[in-house]
There are 2 protein chains.
Amino acid sequence: MKIDGTPFRTIWQDADGVVQVIDQRWLPHDFRIVPLRTRAEFATAIRDMWVRGAPLIGATAAWGMAVQMAKDPSDASLAETWEVLHDTRPTAINLRWALDEMRRVLSPLPPVMRAAAAAKRAAEICDEDVEINRQIGLHGLEIIKAISARKSGPVNILTHCNAGWLATVDWGTATSPIYHADAAGIPVHVFVDETRPRNQGAQLTAWELNSHGIPHDLIVDNAGGHLMQHGEVDMVIVGTDRTTARGDVCNKIGTYLKALAARANGVPFYVALPSPTIDWRVHDGVRGIPIEERNGAEVTLVQGRTKDGRIESVQISPDGTGARNPAFDVTPAELVTGLLTERGLCPATEAGMGAMFPDLKAAVGG
Amino acid sequence: MKIDGTPFRTIWQDADGVVQVIDQRWLPHDFRIVPLRTRAEFATAIRDMWVRGAPLIGATAAWGMAVQMAKDPSDASLAETWEVLHDTRPTAINLRWALDEMRRVLSPLPPVMRAAAAAKRAAEICDEDVEINRQIGLHGLEIIKAISARKSGPVNILTHCNAGWLATVDWGTATSPIYHADAAGIPVHVFVDETRPRNQGAQLTAWELNSHGIPHDLIVDNAGGHLMQHGEVDMVIVGTDRTTARGDVCNKIGTYLKALAARANGVPFYVALPSPTIDWRVHDGVRGIPIEERNGAEVTLVQGRTKDGRIESVQISPDGTGARNPAFDVTPAELVTGLLTERGLCPATEAGMGAMFPDLKAAVGG
């Protein structure tokens, strides 16, 4: 999407073939582009969340593999790179998907051919992500259109975390229908959950929407239930880090609470789901998906910009108080109105997902 | 309760008769005591949340009336003071209760007798609050005891916002059962919701529990649903700013989301309810209670302590992004397991509340 009128992706090769990413840690206050030149740099960028969002993590891992293949295309290097990059964010299913895909393409090739093939496949994975998200947007646009036809004023959409274009290569998943609706002239307004602890909503989604000129308001994560209770939310769209074969949705911590509120108030709750994010091997998400517990400092410290323009972290709690920090939660499928995939809207059920993606399900023996 | 071994209340008259409060805006980083000498100072202290929490707001308003009566005990002054202090926080039912009570006592008296009577009644209101909270704690202790008897390890209690002793004159409402359980030797552990936007959980509840030595962990407001889903929460106790005659609970924004999660996961959800917080004139809380919408800067700015020890606010969102900031929400009575009052545990129903408080209900013609 555009930043000050200039189209960007979140990851790209520059004219010299160097992979560049947006270092998202400094948004919304500072827009920084950084090159990633070594496997270690790619691993750091994923682990320390310079890049985040399931699709972008996958794309970054694919490029990380490609960069390593250019340095050392041996079998040992290939195996080790899979491990090193996979260990960076264990919850992200796209990470595994992208690494498995790279290994599938590269393993049969003689080492000397791997560098070129890896770069080609990494670029394709990026283009495929863009196309998937465009399709999700077109399918989601129909839902927004239908709501808009039934009401006056803008369609009010609540979203959690950042499943925006910054979380993908372009378009975003949850935001793609919003950008498409805006482009189609349908008035939309977005309630942006700030999404503690890391505030991806406040820092990234708000920045994206602001840069693109989409009307929006930041809200605390606590506010969505009240707004739904008072008819101020027409629909919820969120992304997902991993969705199980029966439609249980693992996403940023707090998603589950919004799904409960949506159900209690008759608000449709959609999950934008690129198919690589489906984990066909897991059914019961609450029992089957290990939840990453991150450093408590993410809870006790909040980053922002001081009055005099410095980016600084402030401690909100007393010394001596510890914190628990589960990074994701699982929304049971029964709370999900529908899964918005690149092939269309799909019921969040084992049968619905199997019917929409028989090929993918069969590929994992599901 | 105690701070570094010294017992404190949140509001008191010093040896010279000057009313002193803890200026809670600087907690947990800085413990400041300030005198309040004029009606304007009392109004500012309530409006700008130097003091907060429904019971403490009521007690502060009572003392504000008393201080003004010492300056000008005329009928006009009495009427004007009621208005000035009431306008500071329209949602707080205790504020109205305390001001009505002061007016009831003072109106029939000749002006010359009002100053002494006002100081006496304000002091009594404080003592009554302490006794109410002590009783709530004793009744809540029985619930915690029963849970403790059924499990090994500590009783895990989740609370939202600060309904602690800092929100009252002493003991707290939601925290009183916790302090009583701790005193009774029952192991407890508290999950403290940070409670955005103003972080009263992180800043006040954590500070209280930490000062008192109660085991606790800070969590983001998003985390409670996940913890309940995984059996990590034995009960929820929250406070309330206003509870309707049928048991709908108006409390800090986000309470409703925790109540939904508790219901979905079979976790008991208790509301600590001092009877002055009941609004017998309102039944349907969602339709009948106006929700204060506060300044968006509370959402976009977060206050904390910098590495070098300054208390500073940082902006978490991009310039150009606005915010919506509803300060409270309403939890429908059907989500409330029980109301923990000074007279005992009461069902959150019209009949249950009427049976527990027939005298109070009759007094308002209910």
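At 31% relative accessibility, A:Arg134 is partly exposed, a class that lies between buried, under 20% relative accessible area, and exposed, over 50%, with a 1.4 Å probe and protein chains only. Its partner A:Glu131 is likewise partly exposed, with a relative accessible area of 36%, and the two form a salt bridge in which the closest N and O atoms are 3.1 Å apart. A salt bridge here is a side-chain nitrogen of Lys or Arg within 4 Å of a carboxyl oxygen of Asp or Glu. Both A:Glu131 and A:Arg134 lie in helix H5 of chain A, three residues apart, which is about one turn of the helix; helices (H or I, at least four residues) and strands (E, at least two) are DSSP runs, numbered from the N terminus.

This is a predicted model, in which local features need pLDDT of at least 70 and side-chain atom pairs count only at pLDDT 80 or more, while totals for chains, interfaces and linings use all residues. Residues are numbered from 1 along each chain as its sequence is written, chains are lettered from A and ligands numbered from 1 in the order in which they are written, and side-chain values use heavy atoms, with hydrogens and water left out.

## Salt bridges across the structure

Over all chains, the whole structure holds 65 salt bridges. Side chains of opposite charge can pair when their charged atoms come close. One such pair is A:Arg114 and A:Asp75, whose side chains meet at 2.7 Å, N to O. Because A:Arg114 lies in helix H5 (residues 114-150) of chain A and A:Asp75 in helix H3 (residues 75-86) of chain A, this pair ties together parts that are 39 residues apart in sequence.

Another salt bridge joins the side chains of A:Glu194 and B:Arg196, at 2.7 Å from N to O. This pair crosses between chains, running from A:Glu194 in the loop between strand E7 (188-193) and helix H7 (200-212) of chain A to B:Arg196 in the loop between strand E7 (188-193) and helix H7 (200-212) of chain B. A:Glu194 is buried, with a relative accessible area of 0%, and B:Arg196 is buried as well, with a relative accessible area of 1%. Elsewhere, salt bridges that share partners join A:Glu101, A:Arg104, A:Lys120, A:Arg121, A:Glu124 and A:Glu128 into one network.

## The interface of chains A and B

The contact between the chains (heavy atoms within 4.5 Å) takes 67 residues from chain B and 67 residues from chain A. Together the two chains bury about 5,100 Å², 57% of it on carbon and sulfur atoms, where buried area is the accessible area (1.4 Å probe) that two parts lose on being put together, summed over both. On the side of chain B, the residues that lose the most area to chain A are B:Asn222, B:Ile316 and B:Arg324, which together make up 15% of what that side buries.

Eight salt bridges are found across this interface, including the one in which the side chains of B:Arg324 and A:Glu232 meet at 3.0 Å, N to O. Helix H9 (residues 255-264) of chain B supplies six residues, the largest share of the side of chain B that touches chain A.

## Two domains in chain A

Chain A is divided into domain 1 (2-128) and domain 2 (137-363), with bounds that come from an automatic or database domain assignment. Taken over C-alpha atoms, the centres of these domains are separated by 24 Å, and their contact takes 32 residues from domain 1 and 34 residues from domain 2. The two domains of chain A bury about 2,800 Å² between them, 59% of it on carbon and sulfur atoms. A:His29, A:Thr91 and A:Ile93 supply 23% of the area that domain 1 buries against domain 2, more than any other three residues.

Across this domain interface there is one salt bridge. A:Arg89 forms a salt bridge with A:Glu292, with the closest N and O atoms 3.6 Å apart.

## Cysteines without disulfides

Zero disulfides are found over all chains, a disulfide being a pair of cysteine sulfur atoms within 2.5 Å. The sulfur of A:Cys346 is 18 Å from the closest cysteine sulfur, in A:Cys250, and is therefore too far for a bond. In chain B, B:Cys346 is in no disulfide, and the nearest cysteine sulfur, that of B:Cys250, is 18 Å away. A:Cys346 is buried, with a relative accessible area of 2%, and B:Cys346 is buried, with a relative accessible area of 1%.
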